[in-house]
Amino acid sequence: MCWSRDYLGGQTTKSISDAKCKIYIKGIEAGTLTENDNGSYSFEYEPRCRITHIPSESYTIEDEVDYASLIESVKNRIGSIPAIEVFFSTEFIYKEKGSDINLFSTINYGIDSILSLLIELDKEIGIEASKTRKILQDKIAKLKFHRIPKDAWFIDDYVFYREGNVFEKDERFEVITPITTGVKYTHFCELLHVEITDDFIQDTFEAFKRMHIVSFSKQKKIMPTLLTLHKDGVLSMVMFESSIKTTTYRKINEIASDIKAGADIIAVFLVGEMIYYNNPELLNLDYRHRVTNSHSEMLSFNMITKDNSAQYLINSETIIDNSKDCLFPTLIKVKTDESISFVYPIVEAFSIAT
């Protein structure tokens, strides 16, 4: 299955002398432009549908099928997994025919690079930008596509409940900070009035905890939030809300994949509301039934580094009670089995990363 589409949706200049030219993204050959009869340029690409599920497995549907057949294939595959519930995601990937590069995974970089190049050229040349170039710059600056998380375009999260043979699709939204540039941990700590020491991982975690304790004390609710800290002290954070747990599992696995691929991430922090049960037998029920028998609600903070993984808990009521006296309550560190923890993919990624 493949389509031909005008590259970047428009005409190219006739300064491209050959009938074909290469597309390079981050220095890697990503495709070949072919000149059409009308003077525009296009390339052939083909879609793939990748299914990732928990219990963990990933596979790609590569055969040419219509959408209805694709959905039926996914349902049959997920339904054959012997579990009371299966959390899974579908991701549509677009690659040039014969290439392994996902074109949309680097589109943000490409658009920002083109705009930056034009701006720097104007500065270097030292003359007023031509009307044509100014129009082009304005059009690029107004593009919205690359500013929206790829999750919104190409990924859907689902859960399958064996009881009743129910497939449920998520409803979600997310906020990413920052959008284009990184924030230094020092700015984050200063904002939350956390003293900066020689341990910038711990400093960042203290600010992360304080941010969400204060937020919860005011709103009585927080969105699950993931913060990644890089070795240069730059952090990025994503806050999201979803109707099902699959989104959290997927995002954890995405960060784990980045670490395995060589990303310079040195710590990952995660916070979310957690439900505890006083009856272990409830774990034999799917989430729909477990949640109606909850024992207590806690705020859970996880800190994962290459050398350590720790979970800290605090009762929701404790946060609210302490906030009345403007106090920051003490979190309780709990001992967990890393091998069954939901953050284990990140723990494992750190353990094998070079």
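**Exercise 1.** In this predicted model, determine how the accessibility of I114 is to be classed, and locate the residue.

*Solution.* The relative accessibility of I114 is 37%, so the residue counts as partly exposed. The class applies because partly exposed lies between the cut-offs of under 20% for buried and over 50% for exposed. I114 belongs to helix α2, which covers residues 107-125. In sequence, I114 is 26 residues from I140, while their C-alpha atoms are 8.2 Å apart in space.

**Exercise 2.** Describe how helices α7 and α10 are arranged relative to each other.

*Solution.* Two packed helices are described by the angle between their axes and the distance between the axes. Helix α7 spans residues 246-260 and helix α10 spans residues 344-352; their axes come within 8 Å and cross at roughly 5°. Angles under 35 degrees count as roughly parallel. The two helices, α7 and α10, are therefore roughly parallel to each other. On the α7 side, the contact involves I252, N253, I255, A256, I259 and K260, which meet P345, I346, E348, A349, F350 and I352 of α10. Sorted by class, this contact of α7 with α10 comprises nine nonpolar, one polar and two charged residues.

**Exercise 3.** Identify the residues with the most contacts inside the largest nonpolar core, and the element that gives the most to this core.

*Solution.* The largest nonpolar core contains 26 residues, and F188, F208, L227, L299 and F301 have the most contacts inside it. Elements supplying at least two residues each include α5 (185-191) and β14 (296-305). Helix α6 gives the most, with five residues. Beyond its neighbours within four places in sequence, F301 is in contact with residues including F205, F208, L270 and Y312. Another core, of 17 residues, lies apart from this one and includes L226, I255, I265 and V347.

Technical notes. Residues numbered from 1 in each chain as written. Predicted model: local features only at pLDDT ≥ 70, side-chain atom pairs only at ≥ 80, totals over all residues. Heavy atoms only, no water. Helix = DSSP H or I, 4+ residues; strand = E, 2+ residues; numbered from the N terminus. Buried < 20%, exposed > 50% of the residue type's maximum accessible area, 1.4 Å probe, protein only. Axes fitted to C-alpha atoms, helices over the stretch in contact; angles between N-to-C directions. Parallel < 35°, antiparallel > 145°, perpendicular 65-115°, else oblique. Contact = heavy atoms within 4.5 Å. Nonpolar A, V, L, I, M, F, W, Y, C, P; charged D, E, K, R; others polar. Core = buried A, V, L, I, M, F, W, Y, C linked by side-chain atoms within 4.5 Å.
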